[in-house]
Amino acid sequence: MKTYYILPCPCGKKHEILPTEAGNLITCECQNIIEIPPFRELQKLEKIEKTENMPAISESENILGKEGGIRQQRIGQLLLALFLGISFSAYGFFCYITRPTLPEFSRMNAYETWVWWQKLRAGVTVPMDRDEFFLSHQIDVSWRWVYIMAALSILCFIWILAVLLAPAVKKTRKKK
């Protein structure tokens with residue numbers, strides 16, 4: 001139930017004013033500009049209470065129709081999943097391309113080859129130096145990112161398939 005206050009115009013027309021409109025200006029049909037009094041003065045005017053029933057919007061009046069909201073939701077989900085899937089795939093590809101690799105012996109000079117030969121000849125018992133450990137850690141981390149991005153990309157594309165293959169909502173008509 002809403003409370004309205006009756007505000008008369010000098011032309012004789014009565015306007016129904018909501019309390020939230022206090023202090024505003026309205027234009028009457030006679031082109032008179034009427035200032036709505038503040039709330040304290042508005043309470044002194046004649047008051048009426050009305051129950052407002054919202055008119056039902058028919059499907060022809062509704063711009064989207066009954067399924068419009070669902071259709072928009074699906075399109076939004078598809079676009080979001082596609083964007084995320086492509087983003088994850090691109091970042092995973094970037095991680096794969098820029099990952100650090102072990103040096104290739106064919107590109108080493110004689111001294112670097114000799115150093116690596118000494119490390120390999122000593123066996124696994126020799127602890128890695130700081131640079132080797134850092135390189136090994138970088139390789140592990142970059143491969144983890146590649147795997148994580150691949151998994152997220154796959155999940156996004158499964159999401160896309162789920163949205164595409166979800167059954168459509170059927171229209172039902174009420175029997176009169």
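Q: Which residues do ring pairs link into a cluster?

A: The model is a predicted one. In it, ring pairs join Tyr-91, Phe-94 and Trp-145 into a cluster. Trp-145 belongs to helix H4. With a relative accessibility of 39%, Trp-145 counts as partly exposed.

Q: How many aromatic pairs does the structure hold?

A: There are 5 aromatic pairs in the structure. One of the pairs can be read in detail: the ring centres of Tyr-96 and Trp-143 are 5.7 Å apart and the planes meet at 70°, so this pair is edge-to-face. The cut-off behind that reading is that planes over 60 degrees apart count as edge-to-face.

Q: Which helices do Tyr-96 and Trp-143 lie in?

A: Tyr-96 is in helix H2 (residues 68-97) and Trp-143 is in helix H4 (residues 130-165), so the pair ties together parts that lie 47 residues apart in sequence.

Q: Are Tyr-96 and Trp-143 buried, partly exposed or exposed?

A: The reading rests on relative accessible area: under 20% is buried, over 50% is exposed, and values in between are partly exposed. Tyr-96, at 35%, is therefore partly exposed. Trp-143 has 29% and is partly exposed as well.

Q: What sits over the ring of Tyr-96?

A: The charged end of Arg-99 sits there, 4.2 Å from the centre of the ring.

Q: Which residues make the nonpolar surface patch?

A: Tyr-91, Phe-94, Trp-145 and Ile-148 make this patch, which covers about 400 Å². At least two of its residues come from H2, and at least two from H4.

Q: How is the length of helix H4 to be read?

A: One sets the span against the value expected at 1.5 Å a residue. H4 has 36 residues and reaches 52 Å from its first C-alpha to its last, close to the expected 52 Å.

Q: What is the phi of Gln-31?

A: The general rule is that most residues other than glycine have a negative phi. Gln-31 is not a glycine, yet its phi is positive, at about 75°. Gln-31 lies in the loop between strand S3 (25-27) and strand S4 (33-35). Its relative accessibility is 61%, so Gln-31 counts as exposed.

Definitions and conventions
Residues are numbered from 1 along each chain as its sequence is written. This is a predicted model: local features need pLDDT of at least 70, side-chain atom pairs count only at pLDDT 80 or more; totals for chains, interfaces and linings use all residues. Side-chain values use heavy atoms; hydrogens and water are left out. Rings of Phe, Tyr and Trp (its six-membered ring) pair if their centres lie within 6.5 Å; planes under 30 degrees apart count as stacked, over 60 as edge-to-face and the rest as tilted. Helices (H or I, at least four residues) and strands (E, at least two) are DSSP runs, numbered from the N terminus. Buried means under 20% relative accessible area, exposed over 50%, partly exposed in between (1.4 Å probe, protein chains only). A charge sits over a ring if NZ of Lys or CZ of Arg is within 6 Å of the ring centre and within 35 degrees of the ring normal. Patches are made of residues with over 30% relative accessible area and no salt bridge: like charges are joined within 9 Å, nonpolar side chains (Val, Leu, Ile, Met, Phe, Trp, Tyr) within 5 Å. Accessible areas come from the Shrake-Rupley method with a 1.4 Å probe; for residues, only the protein chains shown count as cover. A salt bridge is a side-chain nitrogen of Lys or Arg within 4 Å of a carboxyl oxygen of Asp or Glu. The expected span of a helix is 1.5 Å times one less than its number of residues.
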